[in-house]
Amino acid sequence: MTSRPTAHRPRRRASLVTRARILDAAGQELGRNPESSLADIAEAAGVARRTVYVHFAGRTALVEGLAADAGEVIRLAVTVAKTPSPDPVSALARFVLTLWPVGDRYRTLIALACRNLGADRVSELLSPARDTVAGILARGQRQGVFHTSVPPGPLSRALEAHLLALLDSVNSGTWADDGTGAATAALIAAGVAKDDAASTVHRLHGAGRAQPPL
């Protein structure tokens, strides 16, 4: 026998929608101005400030919510990147394309989390992505498709900084990209020839294989 939906379920769904709207507004406002107040975020989300406090006890709790949200997105990107593939070039491009649509959350997390949550929490959240990229780079270096002038770990962090700079350019309006330019740039920075990088990204993006399972 199928159980009837209980009365609290619509309220629960509405609460989750409101929480998600607050987090989206927080990501946008804090990405634009790290000093944005909870009142600014409430206004951007279209809710009363007291509604923000219903979901988050304060600024630190709100940033932790953003961090947890970004952490889940990173986990999904890592899952996509770990799809069995003999080609590290495609794996790296797929990872960047998967993460790019939610890159502002990633960027905002790095900008705020060290100050609000501490370096250990940031490392905990970002290490799956960093380790995954480092693993892809190590495999590509062994196969001779990525340059070997920089070890995989430092190269992973360098690519991360490069992509964050590109996200800042998009956020400031000085560049527009759907992720293909960023993924191509990441491959080139890793040592892939320009034409090969562009064709790999075009193939993956066109096939729709890099969309995150959100």
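The model is predicted, so local features need pLDDT of at least 70 and side-chain atom pairs count only at pLDDT 80 or more, while totals for chains, interfaces and linings use all residues. Residues are numbered from 1 along each chain as its sequence is written, and side-chain values use heavy atoms, with hydrogens and water left out.

A nonpolar core is here a set of buried Ala, Val, Leu, Ile, Met, Phe, Trp, Tyr and Cys residues joined through side-chain atoms within 4.5 Å, where buried means under 20% relative accessible area, exposed over 50% and partly exposed in between, for a 1.4 Å probe and protein chains only. The largest such core holds 42 residues, of which L92, F95, L99, L137, F146 and L187 touch the most other members.

The structure has 1 aromatic pair, counted when ring centres of Phe, Tyr and Trp (its six-membered ring) lie within 6.5 Å, with planes under 30 degrees apart called stacked, over 60 edge-to-face and the rest tilted. The rings of W100 and W175 have centres 6.4 Å apart and planes at 75°, so the pair is edge-to-face. W100 sits in the loop between α5 and α6 and W175 in the loop between α8 and α9, 75 residues apart. At 11% relative accessibility W100 is buried, whereas W175, at 31%, is partly exposed.

Terms used:
Helices (H or I, at least four residues) and strands (E, at least two) are DSSP runs, numbered from the N terminus.
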